[in-house]
Every structure is written in structure tokens, then in C-alpha cells.
Amino acid sequence: MRRLLLLGGLVYVLLLLGLALMSGPLLTLTIPLILYLVAALAYGPGELHLTATRSLSDDRVPKGKPVTVQLTITNQGAGLERVEIQDVIPQQLEVIDGESSLLTSLAPGETTTLTYRVQGGRGDVKLGTVRVKASDELGLFSRQAVLKTPKRLMILPEVMKLRRVAIRPRRTRAYAGPVPARQGGSGVEFFGVREYQVGDPLRWINWRVSARHRPSLFTNEFEQERITDVGLILDARRRTDQQGRGISLFEHGVRATASLAAAFLSEGNRVGLLVYGGFLDWTFPGYGRIQRERILRSLAGAETGESRVFESLDFIPTRYFPAKSQLVLISPLCDDDVSTLVRLRARGYQLMVVSPDPITFEAQTLEPDPAVALAVRIARLERDLLLRRLQRAGIRTVDWQVDTPFDRALHTSLSRQPHWFRAVGVE
Amino acid sequence: MTATALIASIIAAASALMLAYALGALLLPAAAILFLGVTWVMGQRLSWTWLARLMVGLFVVTAAVGAVLDLSTVLLLVGLIAALSAWHLDGFDRQLKRVDAVDQEQTLQRRHLRRLLLVDGLGLFLAVLALTVQIDLSFGLALVLGLIALLGLSRAIGFLRREGS
């Protein structure tokens, strides 16, 4: 359009000058310019009648796996001499192969196809805008259109394989599973001794105790193992996030959440997910592979957010989680979170906090300096204090330096079981 | 192909205008035109996207001044048409570089250059014809014709803008 205006303006000025100066040669100079305008008008494109369809080789992929996008444009109107097709690629994606824009000509009914491969980081990516610009051969007169071909591409977070995560909630579900149920019955671990009842296997009789309390017989009891409810809470508050070199701390939190969800679900537990940030994104608890998919999809779209309501953890809706179930909070933590977590623990929830360490993470992005070293030291002391306050309240903590493998960090922290955790029946 | 045609157009525009001024014994403006031509070519090499728009304006102004100074109109016309072609080819060249792929690139470029040559040739022919054919008009008639031309042009540009948006 600007080209057209420039040409029009030049013609106008030359004509005015030619008339004002009564100069034939000056008026003659306008002829080629006017001819340009006439040619543009004569060969300019008519109304655009284009349709676009898009297909993806896969609509859900793990992070890093390429996806092939195929965009087909069909001209259902008059012929177009020059068409520039530009498929708008969302910021999260990167074209690694092929072409996402094309310059071509389209005869009536003709179809052209763009094929390219993209790859990107975790996210719920919306593809769908195609910009088309048709112009005459001289590029003066053009028509533009935006075609919509909405498609969603889920790039799922990385799931790290974890060894068994030991949890011990106060309440379990009715079905057999791997979680100690704090109830006597059939199982593996010794639970206690009770009086013999008809039907008890003879090999369960505790002869030593029975000898001491003759004539009664006593049998051993074992701790039942069942499945349980696990509520995962991912902290997506912007104030707790840190930006590092090319990756945010929140991304590590998402990876940890995905891995924990997969680990708990693979053991048969019922798992729900709450993403707590700018708003509450709740994935209702469920079992199995379908639930794993639901959680991964929710995590794919998880983003940090800001909200005055959810600035602190005070508004975690406990009605979402069954009473006395296992909660796992994945959060870098703030000072004012302690009281809320202690309150949750006091309500009977068994609480585990997986905390990606923000101090080491941020320190890596700073230039080494005595002042920085001192600040890091002070911040670390404060964090240690915070974690210790949680541990004293009976909350299990995993202090995760994100450059160490999550599985190792998890098992190093959980292998040091506190005395209250080891004791059977202590609540 | 387009890039070569673009450089050739710039050289042709600068040479024709320079020759017109040199034949009129205006050597300093001729040197200035040479400088403009060299700047335009350098600007193309350095991908200064804003330069073509400025240069086409300057070349048209130079041609207009030459016409007022009664220099060789044919040379001025050649210079003006070549400058217009260079400006246009610059836009086309940038479009070719902007997209990832060009469907049947050679055919597209050839067709494009053919259309451009046709318009340029027709423009030159009509302009030379206009210079050759002499019709005596009274001042009033010339004024009326001029006003009609201006009005028609305004309407045409208005129409193009509406259609373009």
C-alpha cells in the first residue's frame, strides 16, 4: 500500500508541476508512472477465496520430539499471479526442517502444500493463523487475508523414571497396593500380635508369646498394604519462580510433578493434580494411564501466574483432597508458606514438600563476587531454617538442587527417614 | 536473476540521468547522480531496506528538474523508468528473500521480468509518442484537461486504497 501511495504521490506532484510550469516534458515523465498504476489495477488480484487445511503428524509429543506440519491451501477463486503464504509459527516452536512460508502463483482450483517440521519446549501450543498476501506482478496492488486452521499441539513435559517413592498417609483406600495401611492383616511387614482366631494359618502363630501366656494362643499380624490417594500440588505462583539460563525453575517443578505423578500412578494409586498459580487448575483424581495422560496434558499447559488471591498458599482448597490423604507440594517455597503447610499437616494430611532449590539456581546465573557469595550464604541459612521448621512439624522435605538428578535427590532425602515416620502407628 | 536485473536497472538509471545532465554541461549534478547511483548499489549490498524508496524519489525529482532545465527528455525518461524498475525489483527481491521457499522460482522470476519489461517498454513508447506528436491546445482546454487528469487520478488512487484495505 505504501508503494502505491508513493507512486501516486509522485504522479500527483509531477502533474501539478507540469501544469503549473506549462512543461510538456515534465508532463511526459508522468506517463510511465501512470502506466505502472494502470498495470497494477489491470492485473491486480480479485477477491481472495482461499481455503486452508492443516494436519499434524502427532497432536501430543514429548518434549524435543519433532512434529511434521502439513498446510494445504486451495484457491477457490480467480487465478492469483503472486501469492505469499506465511504460516505463523508460535513462539514456543522452532522450525527445524522445511518451509513455513512460500511464494507461489495459484491458478483457479489449484492447491499448494507447505510441509515443515517443528520442535519446541513444553506447552499447549495453538497453531492456526495463516497470512496470505496476493498481489499483482508489480507488487503495487495487494490483498491480504488471514486464514484460520486451528490445531492444538501438546508438548508434554519430560517424565523421569523414579524408583519407588515411600509414602505413608493416615488413610488408604480399600484395594491392595504398595502403601502401608497402618492396619493389621495379611502383608509382609510385622505389625503386631493378637489372640489366635479360628482360621489363622498355623505358621502365623507366635509360639514365644503363646508360651508366656498359656493356655492362650497368639498369632502374628502383618501390616496391610493398599493403594492411596495422592494429591499433587504444583506451585505456579510467579513470585516463587526464578529465571535461569534459558530455563525457569518452574520447568524443573513441572518435570518433578510429571515424574511423581507417573510414579504414583504406576503403583496403582489414585492421583489428582492442582496447579496453584494465577488460577486453580484442578485435575480430578483418577487411576491408570488415562489419568497419567490427563495430568501430563494439564502440566503441558501449566504456566506461572499472578493473582492477589493466590499470592499465599492459604487458599489451597482442601476439599479437593480426601481427608488424611497424602499431599505432595512441589514448590521452591516462600517464608510465609510455613504456617499454611503446618496447618495442612495439623489437619491430618501427610505432607511431602519437594522444593527445587531457588538459591543455587539463581546463584548460578550471577557473576562470582564476594557480595554475592555472602548473600547466597545468608539466603541458604534462611532456607535451611525454613526447611527445618517444616521437618519439625512432621513434614517430609526434599531439597532438590536442580542440577542433580531428581530421582537421586528424592531418594537421598527420603532414605533419611525421621523417627516418627519409621514408627508404626505414629500419626 | 532478479538481483542482477536490479543492479542493471540502478546502473541504467544513474547512467541515463548522468548522461542527460552531462550533455547539458551540468557536470556537478552529473557527479551527484553518480554518487547517488553508487550509494544505491552499495545500499543494496548492505541490505538497507529503506534506501530504495528514498532513491526512487530522488531520481524522479532529478528527472523532473532535468525536464524543467530542458535536458534530453528521452534520456530523462530512460533514467526515470530504470529507477522505477530498480525500486520495483528491490521490493520483489526482498519478497523472494523473505519467504522460505519459492514455487518454480525461475518461472516466477522470468514471468515477472517479462511483465516489467512490457510495462517499461510501453511506458517509454507512449512517452516518446507524446513527445513526438504535437497538438496545439488553448490554455483553457489544457487547464480543463489537466483538471480532468488530476480528478481522474485522485479517484483512481482512492479506488485503489479502498480496494487495497
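Trainee: Leaving aside its neighbours within four places in sequence, with which residues is A:Q144 in contact?

Mentor: In this predicted model, A:Q144 is in contact with A:L48, A:V132 and A:K133, once neighbours within four places in sequence are set aside. The residue is found in strand β9 of chain A, which covers residues 142–156.

Trainee: How far is the C-alpha atom of A:Q144 from that of A:E84?

Mentor: These C-alpha atoms are separated by 9.4 Å, although the residues are 60 apart along the chain.

Trainee: Is A:Q144 buried or exposed?

Mentor: Exposed means over 50% relative accessible area. A:Q144 has 60% relative accessibility and therefore counts as exposed.

Trainee: Let us turn to chain B. Which pattern does chain B follow along the sequence?

Mentor: Chain B reads α-α-α-α-β-α-α, with six helices and one strand. Its C-alpha atoms fill a box of roughly 55 × 45 × 25 Å along the principal axes.

Trainee: What share of the contacts in chain B with a separation of 6 or more comes from residues 24 or more positions apart?

Mentor: Such residues account for 71% of those contacts in chain B. As to burial, 44% of the 165 residues of chain B count as buried.

Trainee: Which residues is B:F59 in contact with, leaving aside its neighbours within four places in sequence?

Mentor: B:F59 is in contact with B:A13, B:A14, B:L17, B:L36, B:G37, B:W40 and B:A83.

Trainee: How is a pair of aromatic rings described?

Mentor: A pair is described by the distance of the centres and the angle of the planes. Eight aromatic pairs are counted over all chains. In one of them, the rings of A:W400 and A:F406 have centres 4.7 Å apart and planes at 55°, so the pair is tilted. A:W400 is buried at 0% relative accessibility, and A:F406 is buried with a relative accessible area of 1%. B:W40 and B:F59 form an edge-to-face pair, with 5.5 Å centre to centre and 65° between the planes. This pair links distant parts of the chain, 19 residues apart: B:W40 lies in helix α2 of chain B and B:F59 in helix α3 of chain B. B:W40 and B:F59 are both buried.

Trainee: What of the surface of chain B?

Mentor: The accessible surface of chain B comes to about 8,800 Å², and 69% of it belongs to carbon and sulfur atoms. A nonpolar patch on the surface, with about 1,000 Å² of accessible area together, includes B:L122, B:F125, B:L141 and B:I148. The elements giving two or more residues to the patch are α5 and α6 (139–164) of chain B.

Trainee: Where is B:L141 found, and how does its accessibility read?

Mentor: B:L141 is found in helix α6 of chain B. With a relative accessible area of 42%, B:L141 is partly exposed.

How values were computed: Residues are numbered from 1 along each chain as its sequence is written. Chains are lettered from A and ligands numbered from 1 in the order in which they are written. This is a predicted model: local features need pLDDT of at least 70, side-chain atom pairs count only at pLDDT 80 or more; totals for chains, interfaces and linings use all residues. Side-chain values use heavy atoms; hydrogens and water are left out. Contact means heavy atoms within 4.5 Å. Patches are made of residues with over 30% relative accessible area and no salt bridge: like charges are joined within 9 Å, nonpolar side chains (Val, Leu, Ile, Met, Phe, Trp, Tyr) within 5 Å. Accessible areas come from the Shrake-Rupley method with a 1.4 Å probe; for residues, only the protein chains shown count as cover. A salt bridge is a side-chain nitrogen of Lys or Arg within 4 Å of a carboxyl oxygen of Asp or Glu. Helices (H or I, at least four residues) and strands (E, at least two) are DSSP runs, numbered from the N terminus. Buried means under 20% relative accessible area, exposed over 50%, partly exposed in between (1.4 Å probe, protein chains only). Rings of Phe, Tyr and Trp (its six-membered ring) pair if their centres lie within 6.5 Å; planes under 30 degrees apart count as stacked, over 60 as edge-to-face and the rest as tilted.
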